[in-house]
Amino acid sequence: MSIRETRAWQALETHYHQDMKDVHLRDLIAQDARFETFSKRAAGIMLDMSKQRMQPKTLEHLLALAEESGMKEAIKGLFSGERVNKTEDRPALHTALRLPKDAELRVEGQNVAADVHETLERMAVLVDKVHAGQWRGATGKPVTDVINLGVGGSDLGPLMVSNALDAFAPRDIHHVNVHFASTIDGSQLAELLPKVDPETTLFILSSKSFGTIDTLSNAETALEWLKWSLKGSKEAFIKQQHFIGVSTKPEKMSEWGIHENNQLLFWDWVGGRYSLWSGIGLPIALHIGMEGFERLLAGAHSMDEHFRTAPLEDNLPVLFGLAGIWNVNFLNIRSLAVLPYDGRLKSLPGYFQQLEMESNGKSVTNDTELVDYSTCPVIWGEIGPNGQHAFYQLLHQGTQSVACDFIVPIERYDYIEDEELRQDLKAQHRLSLSNCFAQSRVLMLGDDAVSGGNQDAPAYKRYQGNQPSSTLLIEQLTPETLGALVALYEHKVFVQGTVWNIDSFDQWGVELGKQIANETEEILRTRKGSDAMDASTRHLIDTVWAHTDRG
């Protein structure tokens, strides 16, 4: 049975048509105690949904939908290690990666918490060795630069966190610069390699399957660069001194030549886009220290505990997810902009883009039926002030509705010692807060945001408003609050996947493209088999060959 046939879903449809279809946010925001009704706090984050196009009755219906979807049981199953990843028949235990050291979680007879902390201890050894200046390259010089080779979840998460928490990098260590290269075309490596010293550069080869062509091709290029530069060193020794591997496949890492002592393992029950909390987070730990990484885990665990134990009506991920269900399925808003008002969070929209769209960009239910309702919206975004000069025109006066998530810390720059500089920077942050609040207000109220209205303005200066948004206020951007924020979005994804009855933890939609790419690469390389291609692809291949022959 489709979820559209459930009692709760049909009640929401009736509620929309009878009570909400023609209601404007300017009327909703005037309701008594609205902010108190639609804002909740947990783990250093306040979620304000008072600018969502909902009434208290809407929220009651949405909570009934969550109940009817089996939300409580689903949350329990996620945390206890049930095989919630249906198509791959395995658990999704990213929450276990954040468990405290004294925790115990037995899944099918194995204490996974103990396994997690064994890997964390191994990670700490590697980090300490680098930070002590004791990790040396093939010529005996200490490592000064680390380049992470990964793509997707092996790149976006570590990159995002490293950018966001740069201020937390420890000062009393042997400093290393952490870089990232993910593109299959080699452009990032081509830019990076001339800037670093091959004698002191360490590569992290991060790949869950250790078969991702993007990552392995970058690794082969890096190895060739090292071999050419370190001509007096044997290949096996170069691999031992200049490569760390992070994967679920120890046998493949060993086959490639990564020394056993330089391998970090994680598990099949960790999805790539949920893996920054595992050994995949090694670049984070190298950048902000192992203590900072553990603080990140602790913040995520705090949100985990809130999600696991809070009643649905007070549960931030549940409420956040249900607001998205309302927007997508009942208000017909299929686009979500993530708008952080903090330059440190510049990589956050791209990270959430993968997290949500790879998780819930599905059209088949857990019962293998085609859905007859919309699932994941298109996720996009930018740092808010930059977006204001780029696409906010569309948000305010365009022809389609876009829901928005505004994200901003309350406090910044308290650590600056120079009084005048601190006050100048605090004034800039105040401008950021002002812009964040102003934009969400205008999106909500339109012309009514102006005292006395804007009724006499020409049409091209009018603002319709009625665009829904949520605001996430973070007390301060710290490892703990960033961990909690990311965990909040992870659990929001799970809440929505549960309601939509889809598997939020597989990603079969990316597999066929990889397969066809490998076949196409062989055709380009061997010049055989292009006649089996469609006409468009065949002509593109012919054009490449003709250009190559002319060169």
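Which strands does helix H17 (residues 419-445) lie across? Helix H17 lies across E12 and E13 and runs at about 160 degrees to E12; helices (H or I, at least four residues) and strands (E, at least two) are DSSP runs, numbered from the N terminus. Angles run from 0 to 180 degrees between N-to-C directions, with axes fitted as lines to C-alpha atoms, for helices over the stretch in contact. The model is predicted: local features need pLDDT of at least 70, side-chain atom pairs count only at pLDDT 80 or more, and totals for chains, interfaces and linings use all residues. Residues are numbered from 1 along each chain as its sequence is written, and side-chain values use heavy atoms, with hydrogens and water left out.

An open sheet of six strands shows mixed pairing in the order E1-E2-E13-E12-E10-E11, where pairing requires at least two DSSP bridges between two strands. Strand E1 (39-42) and strand E11 (378-381) are the edge strands, each pairing on one side only. On average, neighbouring strands of this sheet are turned by 20 degrees against each other, direction ignored. Strand E12 (residues 403-409) pairs with strand E13 (residues 469-474) in the parallel sense over six bridges; Ser469 in E13 is the bridge partner of Cys404. H14 also packs on the sheet, touching strand E10 (335-340), E11 and E12, and its direction makes about 175 degrees with that of E11.

Helix H7 (residues 156-164) packs with helix H14 (residues 348-360) at an angle of about 150 degrees, their axes 9 Å apart. H7 is therefore roughly antiparallel to H14 (over 145 degrees). Leu156, Gly157 and Met160 of H7 make the contact with Leu348, Gly350, Tyr351 and Gln354 of H14 (heavy atoms within 4.5 Å).

Terms used
Parallel < 35°, antiparallel > 145°, perpendicular 65-115°, else oblique.
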